[in-house]
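Biologist: I would like to learn how to read a helix, a sheet and a loop in a model like this one. Could you take me through them slowly?

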Amino acid sequence: MNFVSKIFLVAALALLLGACASDTREVPPEPAPEPQPTEPSDPVDVDRVDPADFADSRNLDNPDSTLSQREIYFEFDRSDVRPEYVPIVRAHAAYLRANSSARMLLEGHADERGSREYNLGLGERRGNSVLDLMLAEGASSRQIEVVSYGEERPVCRQSSESCWERNRRVEIVYTAR
Amino acid sequence: MFLREKSYSNSAMTAIKSLLLLVICVLPLAVSAQLRIEIVDGVEGALPVAVVPFDFGTAELQPETPLHEVIADDLRRSGLFDPLPVGDMVDRPTRPPETRFGTWRLLKVDYVAMGRWIPGGDGMSGEIEYHLVAVHSGRTLFSRAIAAGPGAFRLRAHQIADDIYEELTGAPGAFASRMAYVQVLQPGTDDEQFELIVADSDGHNPQTIVRHRQPIMSPNWGPEGRRLAYVSFATGRSNVIIQDIFSGQREIIAEGRGINGAPAFSPDGRLLAMSLSRSGNSEIWVRTLETGRMEQLTNHWAIDTEPAWSRDGRHVFFTSDRAGRPQIYRVRRDGTNIERITHEGDYNSKASVDPHSGLLAMVHGGDANFRIAVLDRESERLRVLSPGRMDESPSFAPNGRMILYAAREGERGVLAAVSVDGSFRQRLVLSDGDVREPAWSPLIQ
């Protein structure tokens, strides 16, 4: 990919995704430098990063950017992505589009209710519906893998709705940035 | 071992290596904390019996636990018997002619079991001779003998208890069996570990078969009681494994894309049904273990999982949400004739087939209350057996009289067992720990 087409891609992305960001800019940002392997603990210099630039790997660790959000939550026994989580999926799809060597795991989870193997299926179905949305947004299926843990990896262990709703989730895990 | 390590102590590397070797060698034999069994709901009219201490005299070889204790505990746990405490016994016959029936009548005991050890020539083996007498008629119901040796006494005691159970109830016993279950150590912490454990049916002698930091799920016994199929996430993805519990030999049966889960041995042990999503969606598959041949039984956008074989091996029950919510369906072995089995309630899943009568046990409920229920398919009657609210993983005893299942108490998992008529229930509790997914083995021959 040459420099000009890179600028074009970034500009196109910014236009496409501008609507998702709260702070819409008229001028496309400077082309992002080549993604450097950054440690998650590196502080992000927020003054110099546009949080709406979903091509910039620094935004993965920038709390002001949608890219820092990695959890998508679901209703009981449902696997459709609720409207409020669509912008998160779009942001990560944009990141994958802009960074072809990036790879992610979509970890599907369920709450404890019902039987374990059925919940394994439910976790996968949730992962797949996030996957489908990512593909519709232009990410490549080579970049994404779905793995279901069913109810085996809860983040919260009480038997209450406030706990269950945190466990019904898909976690986006980058295996390569 | 200690001496040998000491002699190499000047070489740090060697010491570390032998320590590693020690850890690896010891792990497969690791002994886990034992389950304690508590009876929750008793049964009215339990049969009064007495199990007299077996006479081992001054034999060189003595059982690890007195046989009469193991036998009486088994009978009591079944809910059908009320064994007399040994302290209340007036005399201790070892053979029927020594029985003074009048004394037992006064103690209101209906049946007396007794026995003695007959040592063999080598001092390391011999026979247990045992008898059951009926107090009111004065008749001897049976007199039998069974060979025993070091390490086999508990199993022999369970088999004697099975004989007594069968003689007095008309149904085979299930004490000489094992259970497998998953234990989670330090749940929710960075040190969380999953263990697959096999223990005797009374919770005794728990052995860790596999231990891993990644989840272990869905243990299922081969019909010979030697192989366990289960799901391991050791690679970060779900794989189906078959492991020989005695040799430790393991084979990966299904791996690769998507879910590889829900293994279920066919009644003849030659086939393994599973739920696999390699086609992009979870479907029921059957693998012929000898040849590796794979057959896909279902093909539907729904979640199709939790296969369970009918007793004759001609059908597979499974859970599917093809009608919107999870219900039990049945498919012929060749993938044809899919029919819905459950209609009552909006959540029925994880069928378990009674190997004796063909009754179906399942997780039944909805919303925030899941209980164990049995379905009699002839009368179409669904009977709820457990109190809920998070009950799951039903597994029939090999004689079909009890169902083992998993329940939650607060943040931890416990095991429980309930009789198929719901009259009798017990808890199997670890002093500290989280246990789940019990699977009752076939009878040990």
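Modeller: Please keep in mind that this is a predicted model. Let us begin with helix α5(B), which lies across β2, β4, β5 and β6 of chain B and runs at about 160° to β6(B). Another helix, α3(B), lies across β2, β3 and β4 of chain B, at about 145° to β3(B).

Biologist: How do the 17 residues of helix α5 of chain B compare with the span they should have?

Modeller: At 1.5 Å a residue, the helix, which covers residues 153-169, should span 24 Å, and because its end C-alpha atoms are 24 Å apart, the two values agree.

Biologist: How many of the residues of α5(B) are buried?

Modeller: A residue is called buried if 20 or more other C-beta atoms lie within 10 Å of its own. In α5(B) 12 of the 17 residues are buried, so the helix is largely enclosed by the rest of the structure. Among the buried residues are B:Phe153, B:Ile160, B:Ile164, B:Tyr165 and B:Leu168, and also B:Arg156 and B:Asp162.

Biologist: What covers the buried residues of α5(B)?

Modeller: The cover includes the strands β2 (47-51), β4 (111-119), β5 (126-134) and β6 (140-148) of chain B, together with the helix α3 (67-77) of that chain.

Biologist: In what order do the strands of the open sheet in chain B stand?

Modeller: Strands of a sheet pair through backbone hydrogen bonds, either parallel or antiparallel. Here 5 strands of chain B form an open sheet in the order β3-β2-β4-β5-β6, and the pairing is mixed. At the edges stand β3 (81-83) and β6 of chain B, each with a single partner strand, so one side of each is left without a neighbour in the sheet. From one strand to the next, the twist averages 25°.

Biologist: How many bridges join β5(B) to β6(B)?

Modeller: These two strands run antiparallel and are joined by 8 bridges. If you look for B:Glu127, you will find it opposite B:Ala147 in β6(B).

Biologist: Now for a loop: which residues does B:Arg270 touch, leaving aside those up to four places away in sequence?

Modeller: B:Arg270 lies in the loop between β14 (260-265) and β15 (271-276) of chain B, and it touches B:Thr288, B:Leu289 and B:Glu290. The C-alpha atoms of B:Arg270 and B:Arg287 are separated by 8.6 Å, although these residues are 17 residues apart along the chain.

Biologist: Why is B:Arg270 described as partly exposed?

Modeller: B:Arg270 has 15 other C-beta atoms within 10 Å, and a residue counts as partly exposed when that number falls between the limits of 12 or fewer for exposed and 20 or more for buried.

Note on methods:
Residues numbered from 1 in each chain as written. Chains lettered and ligands numbered in written order. Predicted model: local features only at pLDDT ≥ 70, side-chain atom pairs only at ≥ 80, totals over all residues. Expected span 1.5 Å × (residues − 1). Contact = placed C-beta atoms within 7 Å. Pairing = 2+ DSSP bridges. Axes fitted to C-alpha atoms, helices over the stretch in contact; angles between N-to-C directions.
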